[in-house]
Amino acid sequence: MDPVEEPTLRKPLGALAIFGLALTWCVLIASLSRIVGQWPGWLQPAFYLVTGILWIAPLKPLLRWMETGRWSRPD
């Protein structure tokens, strides 16, 4: 039987950080809507598709930190 680990604040803090990241990203992208709205119709969905995927990039190290307490992979 594995010993029970002591709970840490990493997971609740990480969840708050994810929420804050998503909220900040949404506000940032929405604030660009006037500029993006003037672009050609075919370019607008491409912009929103790319920016909709890009916000996920910082999640990997954050999720790793939440799980292990380290920002980078162990070598």
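Is Lys11 buried, partly exposed or exposed? Select Lys11: at 45% relative accessibility, it counts as partly exposed, where buried means under 20% relative accessible area, exposed over 50% and partly exposed in between, with a 1.4 Å probe and protein chains only. This is a predicted model, in which local features need pLDDT of at least 70 and side-chain atom pairs count only at pLDDT 80 or more, while totals for chains, interfaces and linings use all residues. Residues are numbered from 1 along each chain as its sequence is written, and side-chain values use heavy atoms, with hydrogens and water left out.

Because Glu67 lies in helix α4 (residues 59-68) and Lys11 in helix α1 (residues 10-31), the pair ties together parts that are 56 residues apart in sequence. Glu67 counts as exposed, at 54% relative accessibility, and a search of the whole structure finds one salt bridge.

Then move to helix α3 (residues 43-54) and select Thr51; helices here are DSSP runs of H or I with at least four residues, numbered from the N terminus. Thr51 is buried, with a relative accessible area of 9%. Setting aside residues up to four places away in sequence, Thr51 touches Trp25 and Ile29, contact meaning heavy atoms within 4.5 Å.

Conventions
Salt bridge = Lys/Arg side-chain N within 4 Å of Asp/Glu carboxyl O. Helix = DSSP H or I, 4+ residues; strand = E, 2+ residues; numbered from the N terminus.
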